[in-house]
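Let's take a walk through this fold together. Have the sequence and the 3D view ready.

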Amino acid sequence: MVVIESYHQGYLWDKQYYRAILDNLTPQHEVSYFEMDTKRIPKSQYSAQADRAWQFIEQQKPQLVILADDNAVNFLHQRLDISQIPVVYLGVNMNPREYQLNEHKLFTGVLERPLLRRSLILIHRLLPKSEHRKILVMFDQSNTSKLAADYISKQQSSMLSNIEVNIVQLNRLEEWQQQVLTAKEQGYSAIVIALYQTVRDAGNRSVDAEQLLKWIAENTPVPNFGFWGFSVSADGNIGGYVLDGYHHGTIAAKMAAKILAGEKPEDIFPVTDDLGTYMFSRHGVEKWQLNLPKEVEKQTLWVD
């Protein structure tokens, strides 16, 4: 079996779902992976990297391919459909119909959707009481960010009336720093650092994502929360009601196991991963003097 990663093994989301795949499928099945590395390489190189991924698939001759995240799906789904290799996808933010995945009989998988409403309700409860809450949500300009930001924009009509959500998508390091430093004077009560892995510096070099998140945590004038578990740490986001990569990967791995056992992919319906986890950093909670509701604290996964 082959896993085609849109990103790379050093990215915590990839580490989490890949560990879940190994835990659920080995030693019964041999698993190998290819990193497309699209969080760090320029977009101009995506197509060539996808060709290398396809060459890897042809060399491995797998019984099944897992396509992880949108870029892998976008660049490889048509070739895999023609090849008649069964496919399980995960981390897909785009509507599957946009990729014609619903027309591929040997495809099934897991959709990824930011847990916007419950996340913002939780943030609203944690912050000091206010008649009107203004929250900034920050994304980079990756393909995944554009899809996630578009999904969030469409969901805003169902938000609480006293929560104003503003979404920004920024590519340059200096833009991120300026936005964070001025958040409080712009009237924001909190910021959500959503996706930040494709930010580039003035020389167009890829910025170290964890260093950027650490800088934000140290310099933000308002509390910083997250939508994904990989961003929560003592040096990162405080926490929130987040998507967990390991859980996401487990769903995909169990689908793959059924197919490898003989079940037809067309008989396994795609699912949306909407089961979040309360995850927090004690350091962040203490720094911002937040009080978690008792029912939330009982369910919280603490990262430090």
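Three strands form an open sheet in the order 10-12-13, with mixed pairing. Strand 10 (239-242) and strand 13 (301-302) sit at the edges with a single partner strand each, so one side of each has no neighbour in the sheet. Strands here are DSSP runs of E, at least two residues long, while helices are H or I runs of at least four, all numbered from the N terminus. Two strands count as paired if DSSP finds at least two bridges between them.

Strand 10 runs antiparallel to strand 12 (residues 277-280), joined by four bridges. Look for glycine 240 opposite methionine 279 in strand 12.

This is a predicted model: local features need pLDDT of at least 70 and side-chain atom pairs 80 or more, while totals for chains, interfaces and linings use all residues. Residues are numbered from 1 along each chain as its sequence is written, and side-chain values use heavy atoms, leaving out hydrogens and water.

## Around strand 3

Strand 1 (residues 2-5) runs parallel to strand 3, with four bridges between them. Strand 3 also pairs with strand 4 (residues 87-92), again parallel and over four bridges. Alanine 68 has leucine 90 as its bridge partner in strand 4. From strand 3 the chain passes through helix 3 (residues 70-83) to strand 4, a right-handed β-α-β crossover (clockwise from the first strand over the helix to the second, with the strands pointing away from the viewer).
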